Amino acid sequence: MQTDLNVLTDDEVLQFHKDGFVVREGFLSPEQIRAASEEVNRYADTEPRFDGRNVWKYDELCSLITDPKTLAVMDQLMGDPNYALHHCHAARHNAGLAGVGWHHDYEQIPQVNRSHTQVHVLHYLAGLNGTIGDMLLLRRSHRAVMRRDALWFCGTEEIPGTVVLNNLAPGTVVFAHSALVHARRPQPGGEGTSRYFIDIVFMQAGIKWPSYGREGWRDTLAELDKRLHDPHHPHLFDADAFFEISEAVARLEGLEGSVALHLPEADPNAPRKHGGAIPVVQ
Ligand SMILES: O=C(O)CCC(=O)C(=O)O
């Protein structure tokens, strides 16, 4: 699908890079909301461990991955069309859902820079209404380099810079830099309703990213490529965008002190590399 439309304004693109997120209410059409909610209901009712991970099995989730508007936003945020899908998750949340403490989801081992962009596209099919769970975002935190769980000790308390999302229209999509620190604050109420949450994650081209999990990720990408190959986004399901996360974790095990000292010596004549298209913003 060719996506030469500009869905985000220039100000929104700047806001994404500056604050780490853009919220688009009503991004999904009523038909998309209905079809995706029905699909999530169907599988959540019949598969106790349903999480949308084997996404090629789910038609409506597949169509959200390749939604032309979503890919157009990705083209704008990534700066070129060669980005790759990392994973898709889907969940139906009900009353009494547990919270998730402050964390970020930027995939890097170890966490040392933010040279390239990774985007979580968060779909709230039924919106958010202050019951079941609020989404908390920590504005601008994507620009700090930290462990994914560095702020976990703050639980789901509001901390300076917190943006609360608890009143969003159905079909809202939040485009969040994956390094943006966020939390899900549990809320009472919501009996008899559901909170539908689908996150779809894309990685900018130019570096290798950790694979999604230790098993099955190559097969998932191959199945998706067979079904959804898009010549305008030729690397969308390209396994070459990734390395085996388990190998990287094993390489780090037992290292002490400054990890840089365990790397081969740098060639002083090698050209210095710069990262992806991240505008300098104040
Ligand atoms: O349920 C949500 O709104 C966000 C959950 C979360 O923190 C995550 O998926 O990383």
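**Reading the fold**

Tutor: Of the 282 residues of the protein chain, 33% count as buried. A residue is buried if 20 or more other C-beta atoms, placed from the backbone, lie within 10 Å of its own, exposed if 12 or fewer, and partly exposed in between. The model is predicted, so local features need pLDDT of at least 70 and side-chain atom pairs count only at pLDDT 80 or more, whereas totals for chains, interfaces and linings use all residues. Residues are numbered from 1 along each chain as its sequence is written.

Student: Is F242 buried or exposed, or in between?

Tutor: F242 is partly exposed, because 19 other C-beta atoms lie within 10 Å. This residue is found in strand β11 (residues 242-243). Leaving aside residues up to four places away in sequence, F242 touches K208, W209, P210 and S211; contact requires C-beta atoms, placed from the backbone, within 7 Å. R272, in the segment after α6 (245-252), is exposed, with 5 other C-beta atoms within 10 Å.

Student: How many helices and strands does the protein chain have?

Tutor: Helices (H or I, at least four residues) and strands (E, at least two) are DSSP runs, numbered from the N terminus. Here the protein chain has six helices and 11 strands. Its radius of gyration is 19 Å, close to the 19 Å of the globule rule for 282 residues, so the chain is as compact as a globular protein of that length. That radius is taken over C-alpha atoms, and the rule is 2.2 Å times the number of residues to the power 0.38.

Student: In what order do the five strands of the open sheet stand?

Tutor: Strands of a sheet pair through backbone hydrogen bonds, either parallel or antiparallel. Two strands count as paired if DSSP finds at least two bridges between them. In this model, five strands form an open sheet in the order β1-β7-β4-β9-β2, with antiparallel pairing. β1 (21-24) and β2 (84-93) are the edge strands, each with a single partner, so one side of each has no neighbour in the sheet. From one strand to the next, the twist averages 15°. Within this sheet, β4 (residues 118-124) and β9 (residues 195-203) pair over seven bridges, and H120 stands opposite V201 in β9.

Student: Which strands does helix α2 lie across, and at what angle to β2?

Tutor: Axes are lines fitted to C-alpha atoms, for helices over the stretch in contact, and angles run from 0 to 180 degrees between N-to-C directions. Helix α2 (residues 30-46) lies across β2 and β9, at about 70° to β2. Helix α4 (residues 68-78) packs on the sheet and touches β4, β7 (172-177) and β9, its direction making about 150° with that of β4.

Student: What is the order of the open sheet of four strands?

Tutor: The order is β3-β8-β5-β6, with antiparallel pairing. β3 (100-103) and β6 (162-165) stand at the edges with a single partner strand each, so one side of each is left without a neighbour in the sheet. The twist there averages 25° from one strand to the next. Six bridges join β5 to β8, and G133 has P186 in β8 as its bridge partner.

Student: Which residues surround the ligand?

Tutor: A residue is near a molecule if its C-beta atom, placed from the backbone, lies within 6 Å of it. The ligand is surrounded by V100, D105, G133, M135, H182, R184, F197 and D199. β5 (132-138), β8 (182-187) and β9 each supply at least two residues of this shell.

Terms used
Two residues are in contact if their C-beta atoms, placed from the backbone, lie within 7 Å.
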